[in-house]
Amino acid sequence: MTITATQLKEIRQEFAALKPASVTLDGNRTMSVKEAVFILAPTLERMKKRGFDTQEIVERLHEKGIEVKPQTLTKYLTEARRQREGRKAKRQDTPPPPPKREQRSSFITPDIPDDEL
């Protein structure tokens with residue numbers, strides 16, 4: 001099967017005009033429970049620090065349509081925390097840039113010792 005430049009131009013125009021069947025932009029895309037917990041992790045961690053226990057947080061999530069068991073929530077929050085700490089460690093582990101070398105005056109050092117010249 002051979003394809004001509006004209007056909008490619010028509011295909012390109014047709015594809016450019018196509019609209020997806022369902023919008024999957026960030027605002028409308030569906031997420032897994034794990035993704036939702038990862039995104040909410042900082043807020044959920046603050047709730048724990050304010051005195052909410054895991055069961056209470058699970059109940060609040062159920063009210064909002066996020067079905068998760070207490071054990072699973074704890075596991076996901078631990079994973080999210082480790083992931084955040086790993087990113088922080090990578091940023092901190094990068095070595096500082098090397099100091100700039102001092103510019104020497106136009107003094108040339110020979111490769112060969114003076115006695116051999």
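Start by selecting I3, L8, I11, F15 and L18, which form a nonpolar patch on the surface with about 500 Å² of accessible area together. A patch of this kind is built from residues with over 30% relative accessible area and no salt bridge, with nonpolar side chains (Val, Leu, Ile, Met, Phe, Trp, Tyr) joined within 5 Å. A salt bridge is a side-chain nitrogen of Lys or Arg within 4 Å of a carboxyl oxygen of Asp or Glu. Accessible areas come from the Shrake-Rupley method with a 1.4 Å probe, and for residues only the protein chains shown count as cover.

This is a predicted model: local features need pLDDT of at least 70 and side-chain atom pairs count only at pLDDT 80 or more, whereas totals for chains, interfaces and linings use all residues. Residues are numbered from 1 along each chain as its sequence is written, and side-chain values use heavy atoms, with hydrogens and water left out.

**Whole chain.** Helices (H or I, at least four residues) and strands (E, at least two) are DSSP runs, numbered from the N terminus. Show the surface next; its accessible area is about 10,900 Å², and 54% of that belongs to carbon and sulfur atoms. Of the 117 residues, 14% count as buried. Buried means under 20% relative accessible area, exposed over 50%, and partly exposed in between (1.4 Å probe, protein chains only).

**L18.** Return to this member of the patch. L18 sits in the loop between α1 (5-17) and α2, and is exposed, at 54% relative accessible area.

**The core.** Now select V37, L44, I57, L61, L73 and L77, the residues with the most contacts inside the largest nonpolar core, which has 14 residues. At least two core residues come from each of α2 (33-49), α3 and α4 (70-93), and α2 gives the most, with five. Such a core is a set of buried Ala, Val, Leu, Ile, Met, Phe, Trp, Tyr and Cys residues joined through side-chain atoms within 4.5 Å. In soluble globular proteins, nonpolar side chains tend to be buried together.

**L77 and E45.** Centre on L77 and display what it touches: V37, A41, L44, E45 and K48, not counting residues up to four places away in sequence. Contact means heavy atoms within 4.5 Å. Move to E45 in helix α2, which is buried at a relative accessible area of 14%. Leaving aside neighbours within four places in sequence, E45 is in contact with L77, R81 and R84.

**Helix α3.** Select residues 54-63, where T54, I57, V58 and L61 are buried. Looking down the axis of α3, these buried residues fall within an arc of 100°, so they line one face of the helix; the arc is that of the directions from the helix axis to the C-beta atoms. T54 has a relative accessible area of 19%. Beyond its neighbours within four places in sequence, T54 is in contact with K48, P70, L73 and T74. Following α3 is G65, with a positive phi, near 90°.

**D53.** Finish in the loop between α2 and α3, where D53 lies. D53 is partly exposed, at 41% relative accessibility. The C-alpha atoms of D53 and P70 are separated by 9.6 Å, and the two residues are 17 residues apart along the chain.

How values were computed
Patches are made of residues with over 30% relative accessible area and no salt bridge: like charges are joined within 9 Å, nonpolar side chains (Val, Leu, Ile, Met, Phe, Trp, Tyr) within 5 Å.
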